[in-house]
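The following note sets out points for a colleague's review. Please read it alongside the sequence and the model shown here.

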Amino acid sequence: MSSENGSKKDVLLEVKGLKMYFPITKGIIIQRKIADIKAVDGVSFSIKHGETLGLVGESGCGKSTTGRAILQLYRPTAGSVLFEGVELTEMKGETLRRQRREMQMIFQDPYASLNPRLTVGNIVGEPLEVHNLAKGKERQERVQELLKLVGLNPYFVNRYPHEFSGGQRQRIGIARSLAVNPKFIVADEPISALDVSIQAQIVNLLEDLQSSLGLTYLFIAHDLSMVRHISDRIAVMYLGKLVELTDHIALYEEPLHPYTQALLSAVPIPDPYIEEKRQRIVLEGDVPSPTNPPSGCNFRTRCPRAMDICAEKDPEWKNMGTPENEHWVACHLY
Amino acid sequence: MAALLEVKGLKTQFFTQDGVVHAVNGISYKLHEGETLAIVGESGSGKSVGVMSLIRLIPQPPGKIVAGEVWFDGRDLMALTDDEVRQVRGNRIAMIFQDPMTSLNPVLTIGQQIMEALQLHLGMDKSQARQRAIELLEMVGIPGAASRLDSYPHQYSGGMRQRVMIAMGLSCNPQLLIADEPTTALDVTIQAQIVDLVQGLKEQIGMAIIWITHDLGVVAGLAERVIVMYAGHIVEEAEVHELYEEPHHPYTLGLLRSVPRLDMGKSKRLIPIDGLPPDLIDLPPGCPFAPRCQYRTEKCTQEAPPIDATSPTRRVACWNWENVVADIKEGGIYV
């Protein structure tokens, strides 16, 4: 594949053929596996240093599972995850724990992801202690520094999560993930639980932190307009597989995959004149079950342009762009 | 057009241990027959409590509708007895809610739940109700309606459940459908399906719709008129084209600016609305948006602006709306 030709040095993270199956079992005493939920079914991409890769798709498409499997929060069923050239899927115990300093996660729900019984100081300071990075007064200072960094008042250290609004809590979650000075952050729908007027505040914060700390993001979301705003390149996922991957301009200006085209056309635009004239591609039906995905191309059951071959053969993942401006797509139309 | 619904000075409060939550603070508006009105606001803006109050679906206590009149088709709903309101609710005024999973009863079949309203409000017998339920499911685009009638909610997907909710809402041919964030829990492709469906049904049945949402994008393609709420007040009301062309309230302008638009080039930086929404227990004196407002003047922090008409079709509650308009005329909405 031509992605191999890109200068290898730039690549921070490389995911190859990642699969994450969850077994469905039957029986109480003797559990037999009767099927698999194929949450992620062979996903490959790479992320360069300092880049933001957006991962979009609808609920249940496996985008969050991909993020978690990369961080080894789930152990992948198959495939490889190389972080700075080091294989993560074979790491265990202490080695893996030390590796996690390099890669952190920001969660979707700022209400569920903070322990309500810990003060903000303890929440943000805990990673420092777990990784033996700072103790006592030094820890205290570092926590205050982190709170300042994410735009919170450093005097908040002794308060509890319930005293904060959703946006402020998300800032606490971001401060916690930054505590160990990571290189790579998986942001799993970090703004979708927040109000519109607050979302922009958090997105701006994430962008500022990226430029000041040189972070690399995997930004998982379902909101295409926000993903385009923050991402350099965007991967579109459907039912456990990537259907298209390219830079943020090409994806919006010339989407190739019929699913990407439908997704883009479904996003409402805040302008009544445009909305009146707009031709929408309305997809029929629902996403099929990942336990029993359709044969051939996953998307063919809802695809307005499905052909006979789509039911027989899984479409190849190929580069329709140039080696410099890659445009990957998995569709028999191309 | 005659007004189907007229709300006058509606005020709803919640009496909690921490104090009185001023959820809705005296809102007035009209809705005409067959019209689609969108009520836009963020969480805590009072948009849901405002319409729940219309049909007296506020849990009392702790909630209380402390003032206001709601004239619907010649009657004040606030003055009716509970029994009389129940006759209106579900029958003349129907509701669909945000989360189609929690608003359906998991232990009853879809059929039983649709048939209940038909038997109760329209006095149908069981076989008539069943026949009508099948028709309704077909109308909202559920394939194989007759066989899906005996399924339970968990056997339906999110989008299908919302279709069922809509079928139930429309079962008694209501004059008014209240949709409380009906697409928020759904994916964009399913949202597009539901919006299409509701618009098609509206043309068919001709009911008026109040669509509550936080998404200014959905509103643009759906509503004829828009009300923007903030901290329990209506801050702006306008015909949909006017609103998006030239918002008059700084909050509306801020909302439009803080969301990136898919049809515009990638913006360099988003313009957020600074600060946080106010605490509804302890509202600031003056305009509730003043602490976050870039057009704030001394007057704003002292005296709340009344909602005044700026043209026959629009109203705004802002002392400095002319400055907002002047800025838009000069530099556009999206800077």
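1. **Basis.** This is a predicted model, in which local features need pLDDT of at least 70 and side-chain atom pairs count only at pLDDT 80 or more, while totals for chains, interfaces and linings use all residues. Residues are numbered from 1 along each chain as its sequence is written, chains are lettered from A and ligands numbered from 1 in the order in which they are written, and side-chain values use heavy atoms, with hydrogens and water left out.

2. **Largest cavity.** The lining has seven nonpolar, two polar and two charged residues. In this scheme Ala, Val, Leu, Ile, Met, Phe, Trp, Tyr, Cys and Pro count as nonpolar, Asp, Glu, Lys and Arg as charged, and the others, Gly among them, as polar. Among the lining residues are His257(A), Cys297(A), Arg300(A), Cys303(A), Arg305(A), Cys310(A), Cys331(A) and His332(A). The space in this cavity is about 80 Å³. A cavity is a set of points, on a 1 Å grid over the protein atoms alone, where a 1.4 Å probe fits but cannot get out; lining residues have an atom within 4 Å of a point. Grid points are joined across faces, edges and corners, and a volume is the space filled by probe spheres set on the points. The count under this rule is three cavities of 30 Å³ or more.

3. **Second largest cavity.** Its volume is about 60 Å³. The lining includes His249(B), Cys287(B), Cys293(B), Arg296(B), Cys300(B), Cys318(B) and Trp319(B). By class, there are nine nonpolar, two polar and one charged residues.

4. **Chain B overall.** Chain B has 12 helices and 12 strands, taken as DSSP runs numbered from the N terminus (helices H or I, at least four residues; strands E, at least two). The C-alpha trace spans about 65 × 50 × 40 Å along its principal axes. Of the 335 residues, 53% are buried, where buried means under 20% relative accessible area, exposed over 50%, and partly exposed in between (1.4 Å probe, protein chains only).

5. **Cis peptide bonds.** In chain B, the bond from Gln60(B) to Pro61(B) is cis, with omega near -20°. The bond joining Pro61(B) and Pro62(B) is also cis, with omega about 5°. Pro61(B) is in the loop between α1 (47–54) and β4 (63–72), and Pro62(B) lies in the loop between α1 and β4.

6. **Positive phi.** Most residues other than glycine have a negative phi, and most peptide bonds are trans. Asn181(A) has a positive phi of about 55° and is found in the loop between α5 (166–178) and β7 (184–188) of chain A. Ala231(B) has a positive phi of about 50° and is found in the loop between β9 (225–230) and β10 (233–239) of chain B. Is each of these sites buried or exposed? Asn181(A) is exposed, at 56% relative accessible area, whereas Ala231(B) is buried, at 5%.

7. **Helix α9 of chain A.** Eight of the nine residues of this helix (residues 258–266) are buried, so the helix is largely enclosed by the rest of the structure. The cover of its buried residues includes α8 (248–253) of chain A and α7 (188–205) of chain B.

Notes
1 Å grid on protein atoms, 1.4 Å probe; cavity = no way out; pocket = protein on both sides within 12 Å on 5 of 7 lines; lining within 4 Å. Contact = heavy atoms within 4.5 Å.
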